[in-house]
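Welcome! Take a look at the sequence and the model, then read on.

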Amino acid sequence: MASQADYYELLEVERTADDKTLKSAYRKLAMRFHPDKNPGCTESEARFKAINEAYDCLKDPQKRAAYDQYGHAAFQQGMGGGTR
């Protein structure tokens, strides 16, 4: 599997972006790459899915903190530790 793109780069925002900036960037890109606006374009569909995944992570303060600290590894199986 290819390495995943940085969520901030996908949304074209700085790491210091606030919630309003994230939401605005997400909406702009989601409209641009939406499958209904680009029928049959698998590249746009893949980009749309990646944008959704990035925004889903960064809009949640806890997920964003984990992503900022560990990157994509924070969400791979085995991260987060178990309970004792």
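How many aromatic pairs does a search of the whole structure find? There are three of them. Please keep in mind that this is a predicted model. The protein chain has four helices and zero strands, and its pattern along the sequence reads α-α-α-α.

**Aromatic pairs**

- Let us begin with Tyr8 and Tyr67, whose rings form a tilted pair, 6.1 Å centre to centre with 45° between the planes.
- Tyr8 belongs to helix 1 and Tyr67 to helix 4 (residues 61–70), so this pair ties together parts that are 59 residues apart in sequence.
- Are Tyr8 and Tyr67 buried or exposed? Both of these tyrosines are buried.
- Another aromatic pair is made by Tyr26 and Tyr55; this one is stacked, with 4.3 Å centre to centre and 10° between the planes.
- Tyr26 sits in helix 2 and Tyr55 in helix 3, 29 residues apart, and their pair links distant parts of the chain.
- Tyr26 and Tyr55 are both buried as well.
- Ring pairs also join Tyr7, Tyr8 and Tyr67 into a cluster.

**The nonpolar core**

- The largest nonpolar core has 19 residues, and the members that touch the most other members are Tyr7, Leu11, Val13, Leu22 and Leu58.
- Which elements give two or more residues to this core? They are helix 1 (7–10), helix 2 (19–33) and helix 3 (42–58).
- Across the protein chain of 84 residues, buried residues make up 30%.

**How the helices pack**

- Helix 2 and helix 3 pack at an angle of about 165°, and their axes are 9 Å apart.
- That angle makes helix 2 roughly antiparallel to helix 3.
- The crossing of helix 2 and helix 3 is left-handed.
- On the helix 2 side, the contact is made by Leu22, Lys23, Tyr26, Leu29, Ala30 and Phe33.
- On the helix 3 side, the contact is made by Ser44, Arg47, Phe48, Ile51, Asn52, Tyr55 and Leu58.
- The stacked pair of Tyr26 and Tyr55 joins two residues that take part in this helix contact.
- At what angle do helix 3 and helix 4 pack? The angle is about 105°, with the axes 6 Å apart.
- That makes helix 3 roughly perpendicular to helix 4.
- Here Asp56, Cys57 and Leu58 of helix 3 meet Lys63, Arg64 and Tyr67 of helix 4.
- Leu58 turns up in both places: Leu58 takes part in the contact with helix 2, and Leu58 is among the residues of helix 3 that meet helix 4.

**Ala25, inside helix 2**

- Ala25 lies in helix 2 and has 11% relative accessibility, so Ala25 counts as buried.
- Not counting residues up to four places away in sequence, Ala25 touches Leu11 and Val13.
- Ala25 and Tyr55 are 30 residues apart along the chain, and their C-alpha atoms are separated by 9.3 Å.

**Two loop residues**

- Where is Glu12? Look in the loop between helix 1 and helix 2.
- Most residues other than glycine have a negative phi.
- Glu12 has a positive phi, near 55°.
- Glu12 has a relative accessibility of 46%, so it counts as partly exposed.
- Asp60 is found in the loop between helix 3 and helix 4.
- With a relative accessible area of 27%, Asp60 is partly exposed.
- Asp60 and Asp19 are 41 residues apart in sequence, while their C-alpha atoms are 9.4 Å apart in space.

**Contacts along the chain**

- Take the contacts in the protein chain between residues at least 6 apart in sequence: 49% of them join residues at least 24 apart.

Notes. Residues are numbered from 1 along each chain as its sequence is written. This is a predicted model: local features need pLDDT of at least 70, side-chain atom pairs count only at pLDDT 80 or more; totals for chains, interfaces and linings use all residues. Side-chain values use heavy atoms; hydrogens and water are left out. A nonpolar core is a set of buried Ala, Val, Leu, Ile, Met, Phe, Trp, Tyr and Cys residues joined through side-chain atoms within 4.5 Å. Buried means under 20% relative accessible area, exposed over 50%, partly exposed in between (1.4 Å probe, protein chains only). Rings of Phe, Tyr and Trp (its six-membered ring) pair if their centres lie within 6.5 Å; planes under 30 degrees apart count as stacked, over 60 as edge-to-face and the rest as tilted. Axes are lines fitted to C-alpha atoms, for helices over the stretch in contact, and angles run from 0 to 180 degrees between N-to-C directions. Angles under 35 degrees count as roughly parallel, over 145 as roughly antiparallel, 65 to 115 as roughly perpendicular and the rest as oblique. A crossing is left-handed if the near helix is turned anticlockwise from the far one by less than a right angle, and right-handed if clockwise. Contact means heavy atoms within 4.5 Å.
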